[in-house]
Every structure is written in structure tokens, then in C-alpha cells.
Amino acid sequence: MAMTIEAEDVAGARPVAVLTLAGELDASNYERLIEAAQAAYGRGARGLVLDMTGLTFMASSGLVALYSAVRIMRGDAPPDPESGWGALHELANEESTARNVRLAGVQPAVERVLERTGLRRLFEIDASSTEATAALQGA
Amino acid sequence: MPDRAADTGRAELTKLLGEERLAELVRAAGQPEATALREALRSIGGADMAAAERIERELRVAQRVQRSLVLIAEPALEGWEIASDYRPAREIGGDFFDAYPILEGGDARRLGFVIADVSGKGISAALLMAFVRPLMRAALDRTATPADALERTNRILVDERRTGLFVTALCGVLDIENGVVTFANAGHELPILVPGDGSPIRSLPGSGPLLGAFGRLEVDDVRVELHPGDALILYTDGITDALSPAGARYGERRLLDGVRRSRPGSAADICRGIVSSVTRFQREAPAADDLALLIVRRPASVP
């Protein structure tokens, strides 16, 4: 149903934004996540942590938002869900460059969707947003 | 129902006003989006209303065409029962299924079947569905195994038809003489096996990535034998993601529990049981997603 998104910016050599998601990510709200990622990029973030500790459910439309977030953090325009696939398989062909978005605290229900659809391979998953942020700011 | 005007209106208004201005208007109106859109559409005036009405009419035609594409003539195969249901969340949707005899030298010894879900709803999903459905049927007809059929469909989607949508699909072949099912799964919900002998209901694992996303699927064929009394349930996430008015999801557990209680029944009984359970659960809440269901059952005793 409802999903809340809280944004926090972490300064550093590589500015990182942490978006803390809580509730359920589905067709009614996935566009808000895309907007939040865009806003973070606009504030200068070049790495993104999606803290999913409080996210209890993700519908397949959530995958579109996660994938869009990767594109946005690469500096690309977010994909128009009504148009091209092109970008996704470009992304798939260079999976290592997709590592500018990390997921933290992924709950089993969400991980199952990522596993089942094969999109798990696009993301690094960390136990906490602190670890994910540190990894992005890359010691 | 009233949402159709809003959906039509949204596209039209975006064209007229641009995304930002439209979002502003909707916010300023302080009303649910659908209401705000309808009001805005009304205020634009006669000429555009006529355009909106024309689009609505065409949508209704599209809806009929799309339903006729999805609904299958459930093939009559001696010793087998097939049942299906389909409920789009909006007027037209992106879920589909297929079940048809594979003809070899005039005999139908095998049944091909598919269930798939194009992510997203509405016209773009329906159009992609209309493209993918015959593609899957042709691929399944011509390839040695379901995994090859998915691989071939994926390659076409990746190389030639790039859309912004995700497609999960499961396809398989049933040997109607010995009951052996071979299937492969590209990111779709796991099928449910309901044994007729009373042993536990279970989901059948084995899944690769969804279609269109990666150059190679590398998905495996899964083999399972349907004994007399066994049923195989294929479904889309419109069932498990269905929302109650209080905001609960129907979920896999309710689905499995419902099926457990309903057996042993015919394929049509199982199908009706699932749909009415989901409908009761949703009550007046709007459907979150398309819902599609395909059941293949080998009756316990062949009359």
C-alpha cells in the first residue's frame, strides 16, 4: 500500500544519497522512487543506497524503479517505461558499471522477487545502509 | 470504470500541457488524481472532449480485440481438463496465457502452454503482449524444448524489439499420453503442483531471468510427471499481489491454502475456487494488477 521515502545525503569524495524505503513498493508508487532518485542526483549524489530494511513487499513494477535508479545514477535520463528496453541490456552487458546503486537490508520477500526475475545480479546487497554507504565511498 | 476517462485524459493532457504543468494542476486541485484529471479535461473544452471520446471508443475496440487474443478455446483433449480465467485490472492488460495442441502428422500428442505477464498495464503492455504471444507459440512449436523456446523469444526481444517493459513467461509442453510436463520459467511465478494422491501441494522451482533483459537466459528445462488426479496451476502476480480493502496482500500462502481446501476438484472447480477467493479478499478494493490463471489437470478416472 503506502510507501514512505526518506532521503539523507552523505557528503564525501563521492556524494552518496541514502533513500530509506518503508512499506510496500508497487505500481501505485514506484514512480515516486524514480523521482526521489532523480532529486538525489540533482543534489549532487553520485552513488545511491536504497535502505530496504522497512520494505516488506515489492511488486514487479518495483523492478522498473530499481532499474531506473541505476540509470539515473549513471547520469542517464531515466528510461521512459513506455519506450526503450535498449538501456537495460546495455546495462546487463556491463554489469560491473551498475554498482553505483547498492541495496541494504533487503527483506526475504523483496529478495525473492529479485532472485526470481534474475535482476539480483545487477545489485550489490549489504546488511546495512552504513556498510553500503562505506562501500560506495570506497575506502 | 470511471478511470478510463482519466487514463485517456492523462495522455491527452500530458501532450497539451506537458508533464510538469499537469502534475502541478493535479496537486493544486487537491483531489484524487483521476478526479482532477477529469475536471481538467472538462475545462479544456468541446473539441478536446470530442477527441477524448473518440479515444475512449477506440480503447473499447482495443479491449475487445485484446480479450479475444487472450481468451483461448480451451482445447478438448481426451483424458485432460483445461481451465482458465483472465481479469485485466484496467480495460486492457498485459497478462496472457495460451494452451494449444501441437500437431505432428495430424495427431495432437502434445499440448503446448504459456503464461506470461508484461510489466505495466494499459495499452503499451497489451501491444507488447499481442506481439509476444504468437512469438512464444511459434517458438514452442519449432524448438526442441521449452527452454529453447524462451531463449529464442528472448533473443528476438533483445535484438529486435526493445520496449520499456519487462516480460516474465513460463512455457511448457505436456505429453498427453504419458503425462510428462516439461517446462521452463523466465522470471515468472512458480507453478503449483497439486498431487491427486493427497501428498503436499508444492511450488515447482527452476527459474531464469525475465525476458528481454539479458542477452542470454540460460534457463533450464524442468520435468514433472502428472499422474491421474494431479493438477498444475499457472498464474500471474495479479493473484498474489491482490490487495484487500485493509491493505493486506493475498499472497502465496492464501493461494496454497485455498487450493489445499478445494481439492480434489476438476480444473474448472480449482479455477473458480481461486478466482472467487481472490475476489472475496479484494471486496471493493480496486484490482492492483491483471489476473490470469491457467490450470491443466489429469482427471483421476478417465470416463
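Hi everyone. A residue is called buried when its relative accessible area is under 20%. Keep that cut-off in mind, and remember that what we have here is a predicted model.

Is B:Tyr250 buried or exposed? Its relative accessible area is 3%, so B:Tyr250 counts as buried. Now take B:Phe281: with a relative accessible area of 15%, this residue is buried too.

If you search the whole structure, over all chains, you find one aromatic pair. Its partners are B:Tyr250 and B:Phe281, arranged edge-to-face, with 5.3 Å from centre to centre and 75 degrees between the planes. The two partners come from distant parts of the chain, 31 residues apart. B:Tyr250 sits in the loop between helix 7 and helix 8 of chain B, while B:Phe281 belongs to helix 9, residues 267–282.

Staying in chain B, let's look at helix 8, where we find B:Val259. Because its relative accessible area is 1%, B:Val259 is buried. And which residues does B:Val259 touch, leaving aside those up to four places away in sequence? They are B:Val194, B:Ile201, B:Ile233 and B:Ile274.

Now over to chain A and the largest nonpolar core, which has 39 residues. The members that touch the most other members are A:Leu33, A:Leu48, A:Leu50 and A:Met52. Several elements of chain A give two or more residues to this core, including strand 2 (16–25), helix 1 (30–42) and strand 3 (47–58). The largest share, nine residues, is from helix 2 of chain A. Apart from this core there is another one, of 26 residues, with B:Ala139 and B:Val219 among them.

Let me zoom in on A:Leu48. Not counting residues up to four places away in sequence, its contacts include A:Ala17, A:Leu19, A:Ala37, A:Met73 and A:Leu136.

Last stop: the second largest pocket, with a volume of about 650 Å³. It is lined by 21 residues, and those closest to its centre are A:Ala109, A:Arg112, A:Val113, B:Thr240 and B:Glu252. Sorted by class, the lining has 10 charged, eight nonpolar and three polar residues.

Key. Residues are numbered from 1 along each chain as its sequence is written. Chains are lettered from A and ligands numbered from 1 in the order in which they are written. This is a predicted model: local features need pLDDT of at least 70, side-chain atom pairs count only at pLDDT 80 or more; totals for chains, interfaces and linings use all residues. Side-chain values use heavy atoms; hydrogens and water are left out. A nonpolar core is a set of buried Ala, Val, Leu, Ile, Met, Phe, Trp, Tyr and Cys residues joined through side-chain atoms within 4.5 Å. Buried means under 20% relative accessible area, exposed over 50%, partly exposed in between (1.4 Å probe, protein chains only). Helices (H or I, at least four residues) and strands (E, at least two) are DSSP runs, numbered from the N terminus. Contact means heavy atoms within 4.5 Å. On a 1 Å grid over the protein atoms alone, a cavity is a set of points where a 1.4 Å probe fits but cannot get out, and a pocket is an open set with protein on both sides within 12 Å along at least five of seven lines; lining residues have an atom within 4 Å of a point. Grid points are joined across faces, edges and corners, and a volume is the space filled by probe spheres set on the points. Ala, Val, Leu, Ile, Met, Phe, Trp, Tyr, Cys and Pro count as nonpolar, Asp, Glu, Lys and Arg as charged, and the others, Gly among them, as polar. Rings of Phe, Tyr and Trp (its six-membered ring) pair if their centres lie within 6.5 Å; planes under 30 degrees apart count as stacked, over 60 as edge-to-face and the rest as tilted.
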